[in-house]
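Take a walk through this fold, from the whole chain down to single residues. Keep the sequence and the structure side by side.

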Amino acid sequence: MTKIKTGIYSGSFNPVHIGHLVLANYLCEFEGLDEIWFMVSPHNPLKEQADLWPDDVRLHLVEVAIKDYPRFKASDFEFHLPRPTYTIHTLDELKKKYPEREFNLIIGSDNWLLFPQWYEYKRIITENQLLIYPRPGFTVSQDQLPPTVRIVNSPTFDISSTFIRNSLAAGKDIRYFLHPNVYQYIQSLRLP
């Protein structure tokens, strides 16, 4: 039986922006993934939680951004795991619950360079497929990677959620950095 190739794109998505959406779209259409699950993280152990918008708001923003593309799914899977959530635990639980799927962890080249700091990173690499997408200023060479890790040549956007939040707080009109539904929802809530 051929397993459903499912990309796990974890992040705080605080908020989700066009850079996230373009990357996920590219991975589905050009890199052989059947689906991508936007795994909204309740708390990244390497980030300060105080900067996070509420979990339900971030999840809803992903839902409204992806609702018209059937190969994307917004996931609150990590909301139901013990905190802090670690990637290895998420992947272990996903494999138990969805044995018909092959999960591919999607990370940026900036995170790959920090990967030895991740909890049980060697087991993540050994037991899972990883896709590394380019981030400006963080180069990774394919010839130095384990066989379970592959670099994808996706378009790069130097946009961060921090930039989005700071711009909104400064009253900037950045509607084209966000999916229109996301921008409208943020405006209606008067975030940040």
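Helices (H or I, at least four residues) and strands (E, at least two) are DSSP runs, numbered from the N terminus. Residues are numbered from 1 along each chain as its sequence is written. This is a predicted model, in which local features need pLDDT of at least 70 and side-chain atom pairs count only at pLDDT 80 or more, while totals for chains, interfaces and linings use all residues; side-chain values use heavy atoms, with hydrogens and water left out.

Start with the whole chain. It holds seven helices and six strands. Along the sequence they follow the pattern β-α-β-α-β-α-β-α-α-β-β-α-α. The radius of gyration is 16 Å, close to the 16 Å that the globule rule gives for 192 residues, so the chain is as compact as a globular protein of that length. Here the radius of gyration is taken over C-alpha atoms, and the globule rule is 2.2 Å times the number of residues to the power 0.38. The C-alpha trace spans about 45 × 35 × 30 Å along its principal axes.

Next, burial and contacts. A residue is buried under 20% relative accessible area, exposed over 50%, and partly exposed in between (1.4 Å probe, protein chains only). By that definition, 48% of the 192 residues are buried. The accessible surface comes to about 10,200 Å², and 51% of it belongs to carbon and sulfur atoms. These areas come from the Shrake-Rupley method with a 1.4 Å probe; for residues, only the protein chains shown count as cover. Contact means heavy atoms within 4.5 Å. Among contacts between residues at least 6 apart in sequence, 68% join residues at least 24 apart.

Now the sheet. In what order do the six strands lie? They form an open, parallel sheet in the order β3-β2-β1-β4-β5-β6. The twist averages 25° from one strand to the next. Two strands count as paired if DSSP finds at least two bridges between them.

Look at β4 (residues 101–108). Seven of its eight residues are buried. β4 pairs with β1 (residues 4–11) in the parallel sense, over five bridges. Ile4 stands opposite Arg101 in β4. Gly7 has Asn104 in β4 as its bridge partner. β4 also pairs with β5 (residues 129–133), again parallel and over five bridges. There, Ile106 is bridged to Leu131 of β5.

Axes are lines fitted to C-alpha atoms, for helices over the stretch in contact, and angles run from 0 to 180 degrees between N-to-C directions. α2 lies across β2 (35–40) and β3, at about 170° to β3. α3 (residues 87–97) packs on the sheet too, touching β1, β2 and β4, and its direction makes about 160° with that of β4. Asp92 sits in α3. Asp92 is buried, with a relative accessible area of 18%. Beyond its neighbours within four places in sequence, Asp92 is in contact with Arg123 and Glu127.

Move on to α7 (residues 180–189). Its buried residues are Val182, Tyr183 and Ile186. They cover an arc of only 100° around the axis, which puts them on the same side of α7. That arc is taken from the directions from the helix axis to the C-beta atoms. The cover over them includes α2 (55–66) and α6 (161–169). The face turned away carries the exposed residues Pro180, Gln184 and Ser188. Just after α7, Arg190 takes a positive phi of about 60°.

Finally, the backbone exceptions. Most residues other than glycine have a negative phi, and most peptide bonds are trans. In the loop between β1 and α1 (18–30) lies Phe13. Phe13 has a positive phi of about 45° and is buried, with a relative accessible area of 2%. Pro15 is found in the loop between β1 and α1, and a cis peptide bond joins Asn14 and Pro15, with omega about 10°. Another cis peptide bond joins Arg83 and Pro84, with omega about 0°. Pro84 lies in the loop between β3 and α3. Where is Glu120? Glu120 is found in the loop between α4 (109–113) and α5 (121–127). Glu120 has a positive phi of about 55° and is partly exposed, at 33% relative accessible area.
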